[in-house]
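Visitor: I am new to this. Could you walk me through the words used for a structure like this one?

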Amino acid sequence: MELPVIIVNFKAYESAVGEKAVELAKIHETVSRETGVTFAVCVQAVDLQAVVNAVSIPVFAQHIDPISFGSGTGHVLPEAVKAAGAYGTLLNHAERQIPENVIEESIKRAKELGIATVVCANTPEMGARLAKYNPDFIAVEPPELIGGEISVSTAQPEVVKKAVDLIGDGKVLVGAGVKNGEDVKIAIELGAVGVLLASGVTKAVDPYSVLKDLAKGIV
Ligand code: G3P
């Protein structure tokens, strides 16, 4: 996956599940083709296969559980995520937090299967702590800004800077409240290799225009 990247987390937004997930992912693919900017989407486990079949941009699962074949009812089996063609998975999102030992184990399982990992952290310090498990990316998102109108880039640029200082180059994504190209630009200028966002796109009346604008932060 070429960096920088804009990862859009579909979460459980009505505009972004089932057939709508497929349609929204296709818009991301179109904008990626038109702008040359890397876009990835992060979808519900049940939508993974359909979205992977419909687009060629990277598709992430929102979560995996560190289980293996066999028992494990209701868990997200890493092998099933791999079989669906996912590029990677989020782990420990603020809305789906898991204990540190489970994060470690999940990263291990993902690595065995060649699934990229984006581990979320509420603070730069927590991100630095989780870096020892060597995920591919660490997404730092101040929880109080998630789903809000003000972006981490503009409200808390020091968080982005600190994350890059503590975690190092090439690994840090930032998110929470990211809505436009300016937010993306600031994050990249401060050393992040990408952004993670949701509501700016999933709640947009015209997601195509929002995605085009986000891309302007990179090209
Ligand atoms: O996973 C991305 C996320 O938590 C940020 O959400 O709606 O603030 O872009 P949002």
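Guide: The volume of the largest cavity is about 100 Å³. This is a predicted model, where local features need pLDDT of at least 70 and side-chain atom pairs count only at pLDDT 80 or more, while totals for chains, interfaces and linings use all residues. Residues are numbered from 1 along each chain as its sequence is written, and side-chain values use heavy atoms, with hydrogens and water left out.

Visitor: What makes a space a cavity, and what makes it a pocket?

Guide: Both are sets of points on a 1 Å grid over the protein atoms alone. In a cavity, a 1.4 Å probe fits but cannot get out. A pocket is an open set with protein on both sides within 12 Å along at least five of seven lines. Points are joined across faces, edges and corners, and the volume is the space filled by probe spheres set on them. The structure holds 1 cavity of 30 Å³ or more.

Visitor: Which residues line the largest cavity?

Guide: There are 15, and K11, A176, G177, L197 and A198 lie nearest its centre. A lining residue has an atom within 4 Å of a point. β8 (194-197) and α9 (199-202) each give at least two residues to this lining. Such helices (H or I, at least four residues) and strands (E, at least two) are DSSP runs, numbered from the N terminus.

Visitor: How large is the largest pocket?

Guide: Its volume is about 250 Å³. Its lining has 13 residues, with K11, Q44, Q62, H63 and R96 closest to the centre.

Visitor: Why is S68 called partly exposed?

Guide: Its relative accessibility is 43%. Buried means under 20%, exposed over 50%, and partly exposed in between (1.4 Å probe, protein chains only). So S68 counts as partly exposed. Leaving aside neighbours within four places in sequence, S68 is in contact (heavy atoms within 4.5 Å) with L77 and R109.
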